[in-house]
Structures are given as C-alpha cells and as structure tokens.
Amino acid sequence: MPFLPNERVALFIDGANLYSASRNLGFDVDYRNLLEYFKRQTRVIRAYYYSAVLETEEYSPLKPLTDWLAYNGYALVTKPAKEFTDSTGRRRVKGNMDIEIAVDMLELADKIDHAVLFSGDSDFRRMVEAVQRKGVRVSVVSSVRTSPPMVADELRRQADDFLELAEIAAEFTRRQTEPRIRGNTMRNTPAEPYADPHDVA
C-alpha cells in the first residue's frame, strides 16, 4: 500500500461512484471494515462520505446508511438530489457531488499529507493537480476491471497512486452479490446512492 504510518490522511468517498464500482465488481461495501482497513495502514484524520438525498420521499432508502455513517466515524456531506423526467418520460434522479468534494479537499489540503479519492471521474483531474501543487499526495481508488473501466485514464495518470478496487475489496466486502446488469434501473439495495449514470466516469 502507498501509505506511510504517520502521514495525515483523509478519505473522500463519492458514494454513488463507489456504489456503482462495487456493484459492477459484484460486492457490497462494509463501511466499518473500509475505515478500519485504512486506519491499519496509516493515520486517518477524516473520512468524508458524499451523497445526494432525495427529499421528496417521506422515507429515503438511503437514510439507514447515512445515519450509520454519521455515527461511526464518517463526516457525512449531503445535498438534495434533483428529480426530473427525461425525454422518454422516465423518472430520473440526479445528484452530483463533485463541487462538494473539490471544495473540501482543497480546504483540507494544508492539514493533510495524503488524500484518498474514491472516484474515477475525469472531472477531478484538475482538482487532484491543484492539491498536489500544495504538497499533498493523492491516491485514487476505482477500477479498470469493470466494463467499461470506472476510472478515466487522465485521472489515473494524474494521481500519485492508483488503487484497484477489486484488489483490496476483500478487506471490506460485506457480502458477495451478483454483478450488476447494465440497463437495470431498479435500486438493487436499500442504500444505493443517487447518481446520474453519465457522472460515473
């Protein structure tokens, strides 16, 4: 692992992106084990989890996960998801957290030595470059083993290290699931974050 025992590390988890990657690889994330895994490697000072929440529902299926994270070592960052109807008349939900992740990472850059970004989105390349100029190492956690790959080439090249999610998944797998079939719009677990499928990579 590309970590030093005493460096100050912050985790920045794009919930929708990690969910999509893990489902495509056929497993569910155990967030308690994920945090403990990184704490065994290094000194984690913050673990941020980002997710859009649909507020029009009386009860959000994402709430059990976000409540648990908030009480178990994660800094939870949410915002209202936007609901709309697409050109085919289908109900869609969009919730992009890129700006929130970028602002938090840049604000924290002077207080950490290493940032770990759980996303493969190419939009983060410029942010990663800016944080690196402040002396912070950046590792990206995503996957090239999905089809198509979840991580953009330009983000992978910009990062100091790339951690293949499939190779470390055994450390924090909750249970094995069937790999997600593309085109399936059903919510496969009660904790699926909202995301625009076009925002994944």
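Analyst: Helices α4 and α5 are roughly parallel to each other, a label given to angles under 35 degrees, whereas those over 145 count as roughly antiparallel, 65 to 115 as roughly perpendicular and the rest as oblique. The model is predicted, so local features need pLDDT of at least 70 and side-chain atom pairs count only at pLDDT 80 or more, while totals for chains, interfaces and linings use all residues. Residues are numbered from 1 along each chain as its sequence is written, and side-chain values use heavy atoms, with hydrogens and water left out.

Helix α4 covers residues 98–108 and helix α5 residues 125–133, and the two pack at an angle of about 5° with their axes 10 Å apart. Axes here are lines fitted to C-alpha atoms, for helices over the stretch in contact, and angles run from 0 to 180 degrees between N-to-C directions; helices (H or I, at least four residues) and strands (E, at least two) are DSSP runs numbered from the N terminus. On the α4 side the contact (heavy atoms within 4.5 Å) is made by Ile101, Ala102, Met105 and Leu106, and on the α5 side by Met127, Ala130 and Val131. Of these residues, seven are nonpolar, none polar and none charged, where Ala, Val, Leu, Ile, Met, Phe, Trp, Tyr, Cys and Pro count as nonpolar, Asp, Glu, Lys and Arg as charged, and the others, Gly among them, as polar.

Turning to the sheet, six strands form an open arrangement in the order β4-β3-β1-β7-β8-β9, with parallel pairing; two strands pair if DSSP finds at least two bridges between them. Strands β4 (75–80) and β9 (161–164) stand at the edges, each with a single partner strand, so one side of each has no neighbour in the sheet. From one strand to the next the twist averages 20°.

Strand β3 (residues 43–53) is mostly covered, since eight of its 11 residues are buried, that is, under 20% relative accessible area with a 1.4 Å probe and protein chains only, exposed being over 50% and partly exposed in between. Seven bridges join β3 to the parallel strand β1 (residues 8–14), and arginine 8 stands opposite arginine 43 in β3. Six bridges join β3 to β4, again running parallel, and tyrosine 48 has alanine 75 of β4 as its bridge partner. Strand β8 (residues 137–142) runs parallel to β9 and is joined to β9 by four bridges, with valine 140 opposite phenylalanine 162 in β9.
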